[in-house]
Amino acid sequence: MKNLTWTLALALALGFGACKGSGDEKKEQTNPEEQTKKMELLERAKLYFKPLPAVALAEHNEITEEKVKLGKILYFDNKLSETGNISCNSCHDLNTFGVDNLPVSPGDDGTLGTRNSPTVFNAAFHTTQFWDGRAKDVEEQAGMPITNPVEMMMVDEDYTVNRLKTSNAYADLFKAAFPNDADPVSFENLKLAIGAFERTLVTPSKFDEFLNGNIDAMSLEELSGMETFITTGCIACHKGEVLGGGALQKFPLFGSYEEFTGATVVDYGKYEETKVESDKHLFKPQSLRNVEKTYPYMHDGKVESLEEAVRIMGLTSLNKTLSDKEIASIVTFLKTLTADIPEDVKQAPDELLTIWQ
Ligand code: HEC
Ligand code: HEC
């Protein structure tokens with residue numbers, strides 16, 4: 001109960017979940033016919049979508065204020081990379097919707113990776129992490145880039161922990177976050193802290209207001225886009241709270257994806273990790289929250305516009321050639337998933353300036 005109360009307090013402190021008054025937006029004068037249509041669409045939407053909760057709770061990682069604070073500092077700390085050039089925030093910049101807007105990202109020594117950096121906002125809701133689902137949750141995932149040879153390049157976990165132990169400030173922060181641990185500065189606790197922080201990175205938008213019953217939060221045009229999204233079949237893979245992030249799917253189901261990007265190397269998704277034949281071409285349907293802002297698209301970041309991404313999806317996942325009008329309508333809907341993210345969420349923590357002094 002104590003934890004729940006805290007969780008709600010956190011949500012409010014972060015400014016999430018709070019009612020965003022329709023403020024300067026002009027109130028649409030909806031006639032009774034429009035109201036009925038919107039009510040019908042709300043019922044339909046509820047069959048497939050859910051509003052975002054305030055935070056992504058997990059039984060194995062209780063969210064506490066101290067853990068989230070530590071997690072955010074670690075998230076922004078360049079010292080988690082070998083030469084100190086990059087932090088999690090370099091590739092997943094909270095100022096730009098949790099991505100770097102690059103096709104692929106440079107690691108600590110500038111070497112480029114092979115896959116696009118997905119957003120960390122709302123990632124905790126995914127049933128697996130990475131494009132190929134090779135990590136089970138944000139806690140497991142958080143440990144992996146630190147020792148990855150083309151990402152943060154730290155020698156190993158012990159080396160990372162030993163570096164953290166040279167900071168007295170970190171010793172205090174870990175102690176506060178894990179008060180019952182005899183040796184709180186550990187790699188496990190680092191993963192839990194970053195995971196707890198990521199569980200607060202939740203971004204509701206006007207779509208949530210609509211799902212919560214405010215039918216005037218979305219225009220008929222936007223709702224018509226939602227209808228197109230549903231009837232076209234996108235909801236087969238993009239549904240729930242984050243419109244995706246569920247079971248891996250074969251991509252492409254129809255034709256070849258590389259023909260659109262001109263890529264000469266084929267990324268086989270989950271197979272790259274497991275080398276099991278039946279895992280070939282398995283990818284996670286990416287969640288679509290803030291998708292307007294998380295360009296470029298797809299696992300290789302080779303698709304620049306959202307319209308093009310939607311067109312390719314129609315062809316490769318549904319075997320449908322969508323008209324320009326259908327694409328525009330779907331994109332109008334997808335833009336309602338863009339959130340207004342509070343300033344304090346995006347800002348680097350002040351502690352960063354003194355943590356290594
Ligand atoms: C050099 C760039 C880079 C750095 C630094 C980096 N990441 Fe990533 N991150 C990526 C890429 C690229 C992927 C996708 C890789 C894949 O799917 O194979 C990814 C995937 C993820 C995902 C999965 C999201 C999803 O939709 O599946 C999460 C969560 C994440 N990173 C969090 C972090 C955290 C936390 C840190 C710091 C400890 C971090 N990343 C550091 C590039 C980076
Ligand atoms: C059969 C499952 C499936 C269906 C149906 C489907 N998608 Fe996807 N979607 C995926 C997968 C898998 C990916 C990840 C592709 C990759 O790995 O590059 C994806 C990625 C996307 C992306 C790129 C997201 C990003 O951040 O890069 C968008 C946009 C998208 N889908 C929109 C749609 C739309 C709109 C429809 C309906 C026209 C649709 N999808 C239908 C499975 C599906």
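Mentor: Pro 296 lies in the loop between strand 2, residues 282-283, and helix 13. Please keep in mind that the model is predicted. The peptide bond that leads from Tyr 295 into Pro 296 is cis, and its omega is near -10°. Met 298 is likewise found in the loop between strand 2 and helix 13. Its phi is near 75°, which is a positive value in a residue other than glycine.

The protein donors of the iron atom of ligand 2 are the NE2 atom of His 238 and the SD atom of Met 313, at 2.1 to 2.3 Å from the iron. Met 313 belongs to helix 13, which covers residues 306-318, whereas His 238 sits in the loop between helix 10 (220-232) and strand 1 (249-250).

What arrangement do the 6 donor atoms around the iron atom of ligand 2 make? They subtend angles of 80 to 179°, and the arrangement is therefore octahedral. For comparison, the ideal angles for six octahedral donors are 90 or 180 degrees. Met 313 reaches 25% and so counts as partly exposed.

The iron atom of ligand 1 has a single donor from the protein, the NE2 atom of His 92, at 2.0 Å. His 92 is placed in the loop between helix 4 and helix 5. Phe 130 also has its place in the loop between helix 4 (88-91) and helix 5. Although Phe 130 is not a glycine, its phi is positive, at about 80°. Its relative accessible area is 18%, and Phe 130 is therefore buried.

Pro 252 is located in the loop between strand 1 and helix 11, residues 258-261.

Finally, consider how two helices meet. The axes of helix 3 (residues 65-76) and helix 8 (residues 187-198) come within 7 Å and cross at roughly 100°. Helix 3 and helix 8 are therefore roughly perpendicular to each other, since 65 to 115 degrees is the range for that description. Among the residues that make the contact are Val 68, Leu 70 and Leu 74 of helix 3, together with Leu 190, Ile 194 and Phe 197 of helix 8. By class, this contact has 10 nonpolar, 1 polar and 2 charged residues.

How values were computed:
Residues numbered from 1 in each chain as written. Chains lettered and ligands numbered in written order. Predicted model: local features only at pLDDT ≥ 70, side-chain atom pairs only at ≥ 80, totals over all residues. Heavy atoms only, no water. Donors = N, O, S within 2.8 Å, 3.2 Å for Na, K, Ca; no water. Tetrahedral: all angles 85-135°; square planar, octahedral: opposite > 155°, others 65-115°. Helix = DSSP H or I, 4+ residues; strand = E, 2+ residues; numbered from the N terminus. Buried < 20%, exposed > 50% of the residue type's maximum accessible area, 1.4 Å probe, protein only. Axes fitted to C-alpha atoms, helices over the stretch in contact; angles between N-to-C directions. Parallel < 35°, antiparallel > 145°, perpendicular 65-115°, else oblique. Contact = heavy atoms within 4.5 Å. Nonpolar A, V, L, I, M, F, W, Y, C, P; charged D, E, K, R; others polar.
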